[in-house]
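Please go through the sequence and the structure shown below with the report that follows. The text moves from strand pairing to the cores and then to single residues.

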Amino acid sequence: ISMIFADNCSYVSVKKCKFQDAFIVTTQSAVELQTKVENGSVIVEECEFINIISNRYPLLATLKVRGDIKFKATINKNNFTNCSATDSFSGALYVVDSSHEDISEFIITNNVFRNNSGNNAGAIYLNSLNPKSKFNFNNNIFSMNKNNDTYSIGCDVYIMINYYSYNQTSNITGDVIKNWFKGSKTDSVNESIHYETYQDGNITESGNLSLPSSSVKRMNKGLIIGIVVGSVVFVSAITVTIIIVVVLYKRKKSMYIKAGQMSESLLLGPQQDSI
């Protein structure tokens with residue numbers, strides 16, 4: 001059972017909805033939207049996807065979008081937070097086009113992907129079968145996403161370009177893919193995008209790409225420990241300094257009082273004798 005499953009629709013629009021706290025054990029994604037009609041359109045805008053776990057099937061995600069003939073998808077201004085997939089490629093978003101040679105367009109912009117996890121990528125998995133498809137991933141924010149790679153390579157995005165015919169030619173390169181992500185940022189310290197291109201089942205190119213750093217930096221464990229230890233040392237130094245100042249002040253005050261008492265005794269002494 002999924003939250004929403006739409007198929008064979010010419011137009012699907014999901015706006016300002018909240019999907020939260022679900023454990024999905026099925027062959028469908030939590031929200032799965034696909035069209036198999038010509039000029040189909042899917043819009044997902046200003047929605048929240050929070051604490052959703054997908055299980056059992058590798059082609060799942062919290063949101064899955066698929067289109068066929070002259071398809072257009074718009075995924076804009078959504079928040080994906082704490083979405084995970086224990087057996088799937090991506091925790092948050094799975095996108096796939098069709099091998100049909102008509103032009104399809106995917107506009108995935110201004111979204112926030114935070115603390116999502118999947119086997120290949122935490123945020124986005126793209127499986128493209130059509131060299132004519134157009135992709136726009138501009139102005140997305142990626143933060144604390146995770147995959148199963150030891151060094152978190154591709155933790156945000158995993159791109160698979162599959163062209164099954166030698167008649168199809170690919171002009172997809174690292175520079176082309178990087179241009180898809182204009183304005184997008186991440187807090188990952190390593191290359192957070194991994195891509196592979198295939199021609200008739202044989203890999204032709206693969207690589208990793210870095211996105212510009214977001215304003216919120218991810219601190220590693222060593223840095224956090226260093227900050228904590230430094231703070232403790234700093235506080236301890238201030239405490240010791242205060243104690244020393246207090247002790248010196250009390251000692252000086254005590255000496256001043258004693259000196260005053262001695263002066264007062266010397267002044268009073270002769271007066272008492274005269275009486």
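Val 14 stands opposite Val 44 in β5, and this pair belongs to the parallel pairing of β2 and β5, which extends over five bridges. The model described here is a predicted one. Both strands are part of an open sheet of five strands, in which the order is β2-β5-β8-β12-β15 and the pairing is parallel. The edges of this sheet are formed by β2 (11-15) and β15 (134-136), and because each has a single partner strand, one side of each is left without a neighbour in the sheet.

As background, the strands of a sheet pair through backbone hydrogen bonds, in either a parallel or an antiparallel sense.

| Strand pair | Sense | Bridges |
|---|---|---|
| β2 and β5 | parallel | five |
| β1 and β4 (residues 31-34) | parallel | three |
| β19 (residues 193-199) and β20 | antiparallel | seven |

The hairpin of β19 and β20 has two residues between the strands, and in it Asp 200 takes a positive phi near 55 degrees.

Taken as a whole, the protein chain contains two helices and 20 strands, and 42% of its 275 residues count as buried. Among its contacts with a separation of 6 or more, 82% are between residues 24 or more positions apart. The accessible surface of the chain comes to about 14900 Å², and carbon and sulfur atoms account for 56% of it.

Which residues have the most contacts inside the largest nonpolar core? They are Leu 33, Phe 49, Leu 63, Ile 159, Trp 180 and Phe 181, in a core of 45 residues. Strand β17 (residues 157-163) supplies the largest share of this core, namely four residues. A second, separate core has eight residues, including Tyr 94, Val 96, Ala 121 and Tyr 198. Leaving out residues up to four places away in sequence, Trp 180 touches Leu 126, Phe 135, Asn 136, Phe 137, Asn 138, Ile 159, Ile 161 and Ile 172.

Two further residues deserve a separate look. Thr 35, in the loop between β4 and β5 (41-45), has a relative accessible area of 0% and is therefore buried. The C-alpha atoms of Thr 35 and Gly 67 are separated by 5.2 Å, although the two residues lie 32 residues apart along the chain. Beyond its neighbours within four places in sequence, Thr 35 is in contact with residues including Asn 8, Cys 9, Arg 66, Gly 67, Asp 68 and Phe 71.

Is Ser 143, with its relative accessible area of 10%, buried or exposed? Ser 143 is buried, because 10% falls under the 20% limit for a buried residue. This serine is found in strand β16 (residues 141-143), and a polar contact of 3.0 Å joins its side chain to that of Asp 187.

Definitions and conventions. Residues numbered from 1 in each chain as written. Predicted model: local features only at pLDDT ≥ 70, side-chain atom pairs only at ≥ 80, totals over all residues. Heavy atoms only, no water. Buried < 20%, exposed > 50% of the residue type's maximum accessible area, 1.4 Å probe, protein only. Contact = heavy atoms within 4.5 Å. Areas by Shrake-Rupley, 256 points an atom, 1.4 Å probe, with all protein chains shown as cover. Pairing = 2+ DSSP bridges. Polar contact = N/O pair within 3.5 Å; in protein donor to acceptor, adjacent residues only side chain to side chain. Core = buried A, V, L, I, M, F, W, Y, C linked by side-chain atoms within 4.5 Å.
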